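I open this notebook to record what I looked up in the structure shown here. The entries follow the order in which I consulted it.

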Amino acid sequence: THGIMTELKLGVEGTQVTEVQRNLSVFGYRIEETGTYDANTEKVVVAFQRHFRPNQIDGIFDQVCADRLLDLLNQIE
């Protein structure tokens with residue numbers, strides 16, 4: 001398994017954000033790799049949560065989201 005990631009939310013910057021944006025883009029969401037958790041990133045994460053984790057739609061990309069996204073990406077490879 002992967003190291004526990006910090007929860008990513010509005011205003012956070014860094015390589016983890018870039019990686020999440022890249023993964024969401026590969027999965028098919030329209031998102032740019034900016035390295036900044038901006039309003040659009042939050043919007044995409046909400047859309048992702050609505051589909052794949054409807055019990056907690058908060059726009060915060062946490063470990064549960066990360067695991068779910070990686071599982072989904074592994075299925076389409």
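**Entry 1: a term to settle.** Before reading any accessibility value, I note that buried means under 20% relative accessible area, exposed means over 50%, and partly exposed is what falls in between. I also note that this is a predicted model.

**Entry 2: phenylalanine 27.** I looked up the accessibility of phenylalanine 27 and found 23%, so this residue counts as partly exposed. Phenylalanine 27 belongs to helix α1, which covers residues 15-27. I then asked which residues phenylalanine 27 is in contact with, leaving aside its neighbours within four places in sequence. I found Phe52, Leu69, Leu72, Leu73 and Ile76. I also checked aspartate 58, which is 31 residues away from phenylalanine 27 in sequence. The C-alpha atoms of these two residues lie 20 Å apart.

**Entry 3: helix α1.** I compared the length of α1 with expectation. After α1 comes glycine 28, with a positive phi near 125°. I next asked which residues of α1 are buried. They are Val17, Thr18, Val20, Gln21, Asn23 and Leu24. The cover over the buried residues of α1 includes α2 (39-52) and α3 (63-76).

**Entry 4: α1 against α3.** I looked up how these two helices meet. Their axes come within 10 Å and cross at roughly 40°. The helix α1 is therefore oblique to α3. The crossing in which α1 passes α3 is left-handed. On the α1 side, the contact is made by Val20, Asn23, Leu24, Val26 and Phe27. On the α3 side, I listed Leu69, Leu70, Leu72, Leu73 and Ile76. By class, the residues of this contact are nine nonpolar, one polar and no charged.

**Entry 5: α2 against α3.** I turned to the other pair. The helices α2 and α3 pack at an angle of about 75°, and their axes are 11 Å apart. Angles of 65 to 115 degrees count as roughly perpendicular, so α2 is roughly perpendicular to α3. From α2, the contact draws on Phe48, Gln49 and Phe52. From α3, it draws on Cys65, Arg68, Leu69 and Leu72. I asked how many residues of each class take part in the contact of α2 with α3. The count is five nonpolar, one polar and one charged.

Methods:
Residues are numbered from 1 along each chain as its sequence is written. This is a predicted model: local features need pLDDT of at least 70, side-chain atom pairs count only at pLDDT 80 or more; totals for chains, interfaces and linings use all residues. Side-chain values use heavy atoms; hydrogens and water are left out. Helices (H or I, at least four residues) and strands (E, at least two) are DSSP runs, numbered from the N terminus. Buried means under 20% relative accessible area, exposed over 50%, partly exposed in between (1.4 Å probe, protein chains only). Contact means heavy atoms within 4.5 Å. Axes are lines fitted to C-alpha atoms, for helices over the stretch in contact, and angles run from 0 to 180 degrees between N-to-C directions. Angles under 35 degrees count as roughly parallel, over 145 as roughly antiparallel, 65 to 115 as roughly perpendicular and the rest as oblique. Ala, Val, Leu, Ile, Met, Phe, Trp, Tyr, Cys and Pro count as nonpolar, Asp, Glu, Lys and Arg as charged, and the others, Gly among them, as polar. A crossing is left-handed if the near helix is turned anticlockwise from the far one by less than a right angle, and right-handed if clockwise.
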